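Please look over the sequence and the model shown here before reading on. The paragraphs after it are meant to be read with the structure open.

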Amino acid sequence: MSKFTNSTLLVSGASGKLGRLAVEELLGRGATKVIAGTRDPSKLQDLAAKGAEIRKLDFDDASTLPSALAGVERLLIVSTDAVGRRAAQQQAIIDAAKAAGVKHIVYTSAPAARPDADAGLNPEHFWTEVAIASSGLDFTILRNHMYAENVLMDAGHVISSGQLFGLIGDRGTSYVTRADTARTAAGALLSAEGKTVEDVTGPAPVTNVERAALFAQLTGKPINVVALTPADLQKGLEAAGLPDFFAAALVAFQRDAVTGFHGAVTDVVERYSGRKPTTFADFLTANKAALIA
């Protein structure tokens with residue numbers, strides 16, 4: 001039994017992919033007081049049937065925060081997807097958590113979170129980390145590396161075109177599955193103590209060349225890696241129809257892969273989940289149908 005199995009645990013964003021998996025993992029590992037927070041409680045009746053308490057929790061509605069956090073000892077804040085607003089949203093729940101007497105916050109952050117103007121989406125994560133550290137509460141910052149699932153978003157185009165565009169000097173990305181990050185977050189909620197910042201990674205960094213080779217192996221179609229400068233990659237993404245801010249965020253992410261920020265490998269998934277992280281090759285193999293489609 002984990003140390004905090006019988007503590008009152010709240011997961012925010014429980015109707016999202018990661019949040020839902022974390023709630024299911026907590027219940028599966030014997031947690032006795034699991035609260036699933038969501039803007040729309042009607043979406044979580046299946047989790048209620050499994051033993052979770054459902055509470056309305058809306059970061060944009062301050063009136064929901066005190067009631068959602070009442071009696072909560074340990075809180076998992078799943079970072080929101082409201083880019084541009086989430087630092088303020090998350091500041092609100094951190095303040096409410098402190099007022100409610102929460103003892104420990106677990107937060108899903110991003111690798112190399114920092115305030116730099118060229119850091120893509122990471123400044124919002126950085127300022128949330130600062131807010132958590134400034135709260136005086138104990139915390140576990142989980143810097144989730146790139147979700148393996150994100151690769152499937154453009155895999156079809158890469159495979160059909162036979163070209164994978166990336167930056168010159170890519171040093172690899174330690175892709176981690178969403179399920180592994182959810183199990184890790186649940187494990188941290190059940191056992192972590194003190195104040196720590198941890199990288200949540202897959203078992204090995206994968207370069208663009210290695211990713212292209214895996215695509216080719218699974219589909220039988222040759223994939224050519226085209227290495228570009230940041231400016232040329234930005235122009236190409238915008239020409240493909242991506243909004244300039246999103247294209248800039250993707251280029252920033254790839255710049256960090258060139259720097260080496262995304263190639264870190266840790267034992268955090270295994271330490272908190274009790275199982276080794278899924279390899280990128282195994283993930284792609286399991287999702288072969290999506291690649292071929």
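The model is a predicted one, in which local features need pLDDT of at least 70 and side-chain atom pairs count only at pLDDT 80 or more, while totals for chains, interfaces and linings use all residues. Residues are numbered from 1 along each chain as its sequence is written, and side-chain values use heavy atoms, with hydrogens and water left out.

Helices (H or I, at least four residues) and strands (E, at least two) are taken as DSSP runs and numbered from the N terminus. Seven strands make up an open sheet with parallel pairing, in the order E3-E2-E1-E4-E5-E6-E8, where two strands pair if DSSP finds at least two bridges between them. At the edges stand strand E3 (53-56) and strand E8 (195-200), each of which pairs on one side only. Direction ignored, neighbouring strands of this sheet are turned by 20° against each other on average. Strand E6 (residues 138-144) pairs with E8 in the parallel sense over six bridges, and Leu142 stands opposite Glu198 in E8.

Helix H1 (residues 17-28) lies across strand E1 (8-11), strand E2 (33-38), strand E4 (74-77), strand E5 (104-109) and E6, and runs at about 160° to E1. H5, in turn, lies across E5 and E6, running at about 170° to E5.

Helices also pack on one another. The axes of H1 and helix H7 (residues 178-191) come within 8 Å and cross at roughly 50°, which makes H1 oblique to H7; angles under 35 degrees count as roughly parallel, over 145 as roughly antiparallel, 65 to 115 as roughly perpendicular and the rest as oblique.

Gly13 sits in the loop between E1 and H1 and, because its relative accessibility is 35%, counts as partly exposed. Not counting residues up to four places away in sequence, Gly13 touches Gly19, Arg20 and Gly37. Ala112, in the loop between E5 and H5, has a phi near 55°, a positive value in a residue other than glycine, and with a relative accessible area of 15% Ala112 is buried. Val158 is found in helix H6 (residues 152-161), and its 4% relative accessibility is why Val158 counts as buried. Again leaving out residues up to four places away in sequence, Val158 touches Gln163, Leu164, Phe215 and Ile223, while the C-alpha atoms of Val158 and Leu237, 79 residues apart along the chain, are separated by 13 Å.

Technical notes. Axes fitted to C-alpha atoms, helices over the stretch in contact; angles between N-to-C directions. Contact = heavy atoms within 4.5 Å. Buried < 20%, exposed > 50% of the residue type's maximum accessible area, 1.4 Å probe, protein only.
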